[in-house]
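The sequence and the structure are shown first.

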Amino acid sequence: MTTATLTRTNARRRDFGVLSGVLYVLFFVASIVIAGALGPSGTVTPYSSDAEVQAYRLKDPAMLEDLFRMLGLLQGLSALALLAFVPRLTSFVRRYGSDVRAGVVRALATVAGALLLLSASTSWVLAQIGSRAELSTYRAVSDLYFITGAGPAIAALGVAVFLVAATGRAGHALPAWVAWSGMMIGAAGVLSMSSLVAEGGSVFIPVGRFLGFAWFIALSVVLWGRGGRADDLSSTGKP
């Protein structure tokens, strides 16, 4: 008499860490919603004139300081969630690509998270100096807040996204639409660096950021679903 036993085992348990990619998006989007609801009308950038910056910061100084503190908190949490997601990106690329490419993804995504964390910290500094600082000092801190959270961070993350998506496409490890969209979003993210030399380059910042948000949610969902799938089916028999 022979019995056959089929044992289905999970390659790994569900990894709740993959949901940090969703948290990265949710915390940052929450900061944008709060800024739109509570902040003064209009926006300023490093390309704004001194008069525009001065008018913006003096509209309601107390409210603006509270807003910067909230932005620092939410965007700081977003940065930490992104840093928590880095090992998942690295593991994915190492499994379906190479150690070298995985190392590049880890380095670039870590840089992006660190820049975003620096930007969030600078937001807190803006809350502290408020309308009391000299305009030149306020502008310097404000420009640092904008730059660290925009072009360089988005470009660094864009290259990481491109490599993850390209690895998923080559290894047939991601749905085609996730792979191809990731490569295009990554390229747009890299182009956001042009905002450092030309105001027109700023158009790539929201493209790389907001489409990137949608891509991170899609990737997190894909990895979450894969974590719960039974990947190994072993058969054992004994007489």
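## Overall fold

The model is predicted. The protein chain consists of eight helices and two strands. Read from the N terminus, the order of the elements is β-α-α-α-α-α-α-α-α-β. Of its 239 residues, 43% count as buried.

## The largest pocket

The largest pocket holds about 920 Å³ of space. It is lined by 35 residues, and those closest to its centre are Thr43, Val44, Tyr145, Phe146 and Arg209. Two or more lining residues come from each of helix 1, helix 2 (50–58), helix 3, helix 4, helix 5 (135–149) and helix 8. Helix 5 gives the largest share of this lining, with seven residues. By class, the lining of the largest pocket comprises 21 nonpolar, 11 polar and three charged residues.

The C-alpha atoms of proline 46 and tyrosine 145 are separated by 9.8 Å, although the two residues are 99 positions apart along the chain. Proline 46 is placed in the loop between helix 1 and helix 2. Its relative accessible area is 24%, so proline 46 counts as partly exposed.

## The largest cavity

One cavity of 30 Å³ or more is present in the structure. The space in the largest cavity amounts to about 190 Å³. Among the 18 residues that line it, Tyr24, Ala153, Ile154, Leu157 and Arg209 are the closest to its centre. The elements that contribute two or more residues to this lining are helix 1 (20–38), helix 4 (99–129), helix 6 (151–170), helix 7 (176–191) and helix 8 (204–227). The lining of the largest cavity divides into 12 nonpolar, five polar and one charged residues.

## Salt bridges

Side chains of opposite charge can pair when their charged atoms come close. The structure holds four salt bridges, and three of them are listed here.

| Arginine 132 | Glutamate 65 | 3.3 Å |

Arginine 132 forms a salt bridge with glutamate 65. Arginine 132 belongs to the loop between helix 4 and helix 5 and glutamate 65 to helix 3, so this pair ties together parts that are 67 residues apart in sequence. The relative accessible area of arginine 132 is 59%, which makes the residue exposed. Glutamate 65, in contrast, counts as buried at 13% relative accessibility.

The pair of arginine 69 and aspartate 66 lies within helix 3, where the two residues are three positions apart, about one turn of the helix. Arginine 69 has a relative accessibility of 34% and therefore counts as partly exposed.

Arginine 94 reaches 38% relative accessibility and counts as partly exposed.

## Helix 3 and the nonpolar surface patch

Met70, Leu73, Leu77, Leu80 and Leu117 form a nonpolar patch on the surface, and together they have about 400 Å² of accessible area. Helix 3 (residues 61–96) provides the largest share of the patch, four residues. With a relative accessible area of 32%, leucine 77 is partly exposed.

Is glutamine 75 buried or exposed? Glutamine 75 also lies in helix 3, and its relative accessible area is 6%, so glutamine 75 is buried. A separation of 8.9 Å is computed between the C-alpha atoms of glutamine 75 and serine 121, which are 46 residues apart along the chain.

Notes:
Residues numbered from 1 in each chain as written. Predicted model: local features only at pLDDT ≥ 70, side-chain atom pairs only at ≥ 80, totals over all residues. Heavy atoms only, no water. Patch = residues over 30% accessible without salt bridge, like charges linked within 9 Å, V, L, I, M, F, W, Y side chains within 5 Å. Areas by Shrake-Rupley, 256 points an atom, 1.4 Å probe, with all protein chains shown as cover. Salt bridge = Lys/Arg side-chain N within 4 Å of Asp/Glu carboxyl O. Buried < 20%, exposed > 50% of the residue type's maximum accessible area, 1.4 Å probe, protein only. 1 Å grid on protein atoms, 1.4 Å probe; cavity = no way out; pocket = protein on both sides within 12 Å on 5 of 7 lines; lining within 4 Å. Points joined across faces, edges and corners; volume = space filled by probe spheres on them. Nonpolar A, V, L, I, M, F, W, Y, C, P; charged D, E, K, R; others polar.
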